[in-house]
Amino acid sequence: MAKHYNIPLFFPETACPFRCVYCNQQEISGRVGVPEDHEILHTINRHLRSFPNNEREVEIAFFGGSFTGLPAERQKHYLALVSGFVASGAVSGIRLSTRPDFISPDVLDLLCAYPVKTIELGAQSLDDEVLRKSGRGHTSSQVARASALILERRLRLGLQMMTGLPGDTPKKSLATAQKIIELGAHETRIYPCVVIRNTVLERLNHKGIYHPQSLDDAVDLTSRLYLKFREAGVKVLRIGLHPSEDLNGSAFVAGPYHPSFNELVMSRIWHDLFLEEFASRSGNLLELRVPPHQLNHAVGYGASNKKMLLHQFKRVRFRANSAQNDFTFSYSIVP
Ligand code: SF4
């Protein structure tokens, strides 16, 4: 199967009149202002050179702000600027992220005049109280309406969600995931909410009004969300914010940010599988056979799963076995 690559072009907070309580796009993306045309072309060419030539599927991705909130002429300009890469076959299409309330039949008419293939909506939650407390400025029914319009045009639909927002609970996050599945999303991203400098959330956190999730709670909830999406056939494109110099340094204030958040979640899934199987077992040697590409996750972040199993078995050996499907394992125990 062809490996998917995005060429990300960041448009931090361009055209966005909103101020979601957690958002300071400039801090997150680490750059200020819109890239110039020559920078956009340079970025695309640089990425294309860096990808392996065979079996690849590449999309040019306008990320960061709300692309369809730009004036129509600017949207056309950027779409025309990069469309040549699709025409030449160098990339397969254009992907963009935007707000649910910035999607309408007219907006989609404009986008569909270009090789736009995928639209990602920042749904964040499908609970109206959480949306209101987070200052999102749209409702869950607007997400549903925008999703239906996108699917009508036979475009690929991504619905991003966040956990730990103001007013949020694990139960509400799981209900949001269920609605994302029911709305027909092809893909999702899961972002635990973190407190970034110079945001409303920072002030709420400072006053003790907002309490972020602990890292452990966020890892636990995200592992359940991941499995739910996986079971429903919704592709999880990303878990947790991209590590950036800013987030590893001055922009981060509080919350479940970890540069290896994805690894923590994958380790947790394996942890729970092993716990269920071996909670009441013991022996001299446990030999586990796991899928090769999941070997590290099975061993656990910082070998955490191996260490847990060593409480019950004198020795624990992990073997890569290509006969195993994702999140399955076989084993033998020497008593
Ligand atoms: S809509 Fe997006 S860009 Fe605008 S404030 Fe909210 S998170 Fe930031």
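Residues are numbered from 1 along each chain as its sequence is written. In this predicted model, local features need pLDDT of at least 70 and side-chain atom pairs count only at pLDDT 80 or more, while totals for chains, interfaces and linings use all residues.

Q: Why does the radius of gyration of the protein agree with a compact globule?
A: The radius is taken over C-alpha atoms, and the globule rule is 2.2 Å times the number of residues to the power 0.38. For 335 residues a compact globule would have a value near 20 Å; the protein has 22 Å, so the two agree. The C-alpha trace spans about 70 × 55 × 40 Å along its principal axes.

Q: What makes a residue of the protein count as buried, and what percentage is buried?
A: Buried means 20 or more other C-beta atoms within 10 Å of its own; exposed means 12 or fewer, and partly exposed is in between, with C-beta atoms placed from the backbone. By that rule, 40% of the 335 residues are buried.

Q: What makes a set of residues a nonpolar core, and which members of the largest one touch the most others?
A: A nonpolar core joins buried Ala, Val, Leu, Ile, Met, Phe, Trp, Tyr and Cys residues through C-beta atoms within 7 Å. The largest has 81 residues, and I60, L159, I180 and V265 touch the most other members. Helix 11 (residues 261–278) gives the most, with eight residues. Domain 1 (3–258) and domain 2 (266–334) each supply at least three. Those bounds come from an automatic or database domain assignment.

Q: Which residues does V265 touch?
A: Contact means C-beta atoms, placed from the backbone, within 7 Å. Leaving out residues up to four places away in sequence, V265 touches V219, T222, S223, Y226 and I239.

Q: Why are the buried residues of helix 6 said to share a side?
A: The buried residues are S140, V143, A146, S147 and I150. They cover an arc of only 120° around the axis, so they lie on the same side of helix 6. The arc is that of the directions from the helix axis to the C-beta atoms. The face turned away carries exposed S141 and E152.

Definitions and conventions. Helix = DSSP H or I, 4+ residues; strand = E, 2+ residues; numbered from the N terminus. Contact = placed C-beta atoms within 7 Å.
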